[in-house]
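Here is a short report on one protein chain. Keep the sequence and the 3D view open while you read.

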Amino acid sequence: MRYFIKLAYNGKNYHGWQIQPDAISVQEKINTAISTILRQKINIVGAGRTDAGVHASEMFAHFDFDLPLNDNFTYKLNAILPDDIVIINTQQVHEDAHARFDAVSRSYEYKIWLGRNPFLLETSWQLHHQNLNIELMNKAAIILYEYEDFECFSKVKTDVNTFNCTVTNAEWVLNGNELTFHISANRFLRNMVRAIVGTLIEVGLGKITTDDFKKIIESKNRSNAGVSVPAKGLFLTKVTYDYI
């Protein structure tokens, strides 16, 4: 039987989602917890990979188990997981369902606090004394709809067959002092959102123009784009499936 888990986590204490040697990951913690409860080795498959320090308010993963799960499975799982990883629910799905390959879209938010806020240090990038032209940043963000190849925003050493992504939403929203970048696409490249945000910030600061932004995308060269902004402001917020 195949099961999906819906979860959320604060990524501060983890070296990303994926299991790796000599580093603590979200996937490893959940594997250990489920294996302990079910008394057999379980390896979950996530909807994607988040980098070190990146958070998720909605993430999915799947695993296989031969028997029906007890009604209190999710409760038991949360009881032994660290407080910064929460399982929202568990459900049985059809045997061919795949958390990664069946996802039709993913959404991220990047949170910036304009000023200083001691309570948001771990979950936002705080900018002091920076005057951003948000209207111009939104004009540049719309340009993302015109392109599919985003190699310029990808980590240089990455194992992918294509740099093509279809962006369906990209916009900045200001709410008081909180400035949030919303972006949705069918898939994302490694470091893509943080590189896009860093480049759009340069537009907002007047360091580059919207035409420059286009040229950066067309160059397909990571060194032409802006810096990768800090991981702590990035959240995976939505993973969409046709059957959930």
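## A buried asparagine

Asparagine 191 is buried, because its relative accessible area is 13% and buried means under 20%. The model is predicted. Asparagine 191 sits in the loop between strand S8 (178–185) and H4. Beyond its neighbours up to four places away in sequence, asparagine 191 touches Asp51, Phe153, Lys155, Arg222 and Ser228.

Two of these names come back below. Asp51 takes part in a network of salt bridges. Phe153 is among the residues with the most contacts inside the largest nonpolar core.

## The nonpolar core

The largest nonpolar core holds 78 residues. Phe63, Leu144, Phe153 and Phe181 have the most contacts inside this core. Which helix gives the core its largest share? Helix H4 (residues 192–204) does, with 8 residues. In soluble globular proteins, nonpolar side chains tend to be buried together.

Now look at phenylalanine 181. Residues up to four places away in sequence are not counted here. Phenylalanine 181 touches Tyr108, Glu109, Tyr110, Ala141 and Leu144, among others. The list also includes Ala170, Glu171 and Trp172. Ile196, Val197 and Leu200 are touched by phenylalanine 181 too.

## Isoleucine 217

Is isoleucine 217 buried or exposed? Isoleucine 217 is buried, because its relative accessible area is 1% and the limit for buried is under 20%. Its place is in helix H5 (residues 210–219).

Leave aside the neighbours within four places in sequence. Isoleucine 217 is then in contact with Ile143, Leu144, Tyr147, Asp149, Phe150, Cys152 and Phe153. Isoleucine 217 and glutamate 151 are 66 residues apart in sequence. In space, their C-alpha atoms are 7.6 Å apart.

## The largest pocket

How much space lies in the largest pocket? The volume is about 1100 Å³. The lining of this pocket has 37 residues. Gly48, Arg49, Arg100, Phe188 and Arg190 are the closest to the pocket's centre.

The lining is made of 18 nonpolar, 10 polar and 9 charged residues. Strand S2 (45–46), strand S5 (105–114), H4 and strand S9 (234–240) each supply at least two lining residues.

## Salt bridges

Side chains of opposite charge can pair when their charged atoms come close. This structure holds 8 salt bridges. One of them joins glutamate 122 and lysine 12, with the closest N and O atoms 2.9 Å apart. Glutamate 122 is in the loop between S5 and strand S6 (125–127). Lysine 12 is in the loop between strand S1 (2–9) and helix H1 (26–38). The two residues are 110 residues apart, and the pair links distant parts of the chain. Glutamate 122 is partly exposed, at 40% relative accessible area. Lysine 12 is partly exposed as well, at 49%.

Aspartate 51 pairs with arginine 194, and their closest N and O atoms are 3.9 Å apart. Aspartate 51 lies in the loop between S2 and strand S3 (55–64), while arginine 194 lies in helix H4, 143 residues apart. Arginine 194 is buried, with a relative accessible area of 14%. Asp51, Arg190 and Arg194 are linked in a network of salt bridges.

Lysine 220 and aspartate 149 also meet in a salt bridge, at 3.5 Å from N to O. Lysine 220 lies in the loop between H5 and S9, and aspartate 149 in the loop between helix H3 (134–142) and strand S7 (167–175), so the pair ties together parts 71 residues apart in sequence. Lysine 220 counts as partly exposed, at 42% relative accessibility.

Key:
Residues are numbered from 1 along each chain as its sequence is written. This is a predicted model: local features need pLDDT of at least 70, side-chain atom pairs count only at pLDDT 80 or more; totals for chains, interfaces and linings use all residues. Side-chain values use heavy atoms; hydrogens and water are left out. A nonpolar core is a set of buried Ala, Val, Leu, Ile, Met, Phe, Trp, Tyr and Cys residues joined through side-chain atoms within 4.5 Å. Buried means under 20% relative accessible area, exposed over 50%, partly exposed in between (1.4 Å probe, protein chains only). Helices (H or I, at least four residues) and strands (E, at least two) are DSSP runs, numbered from the N terminus. Contact means heavy atoms within 4.5 Å. On a 1 Å grid over the protein atoms alone, a cavity is a set of points where a 1.4 Å probe fits but cannot get out, and a pocket is an open set with protein on both sides within 12 Å along at least five of seven lines; lining residues have an atom within 4 Å of a point. Grid points are joined across faces, edges and corners, and a volume is the space filled by probe spheres set on the points. Ala, Val, Leu, Ile, Met, Phe, Trp, Tyr, Cys and Pro count as nonpolar, Asp, Glu, Lys and Arg as charged, and the others, Gly among them, as polar. A salt bridge is a side-chain nitrogen of Lys or Arg within 4 Å of a carboxyl oxygen of Asp or Glu.
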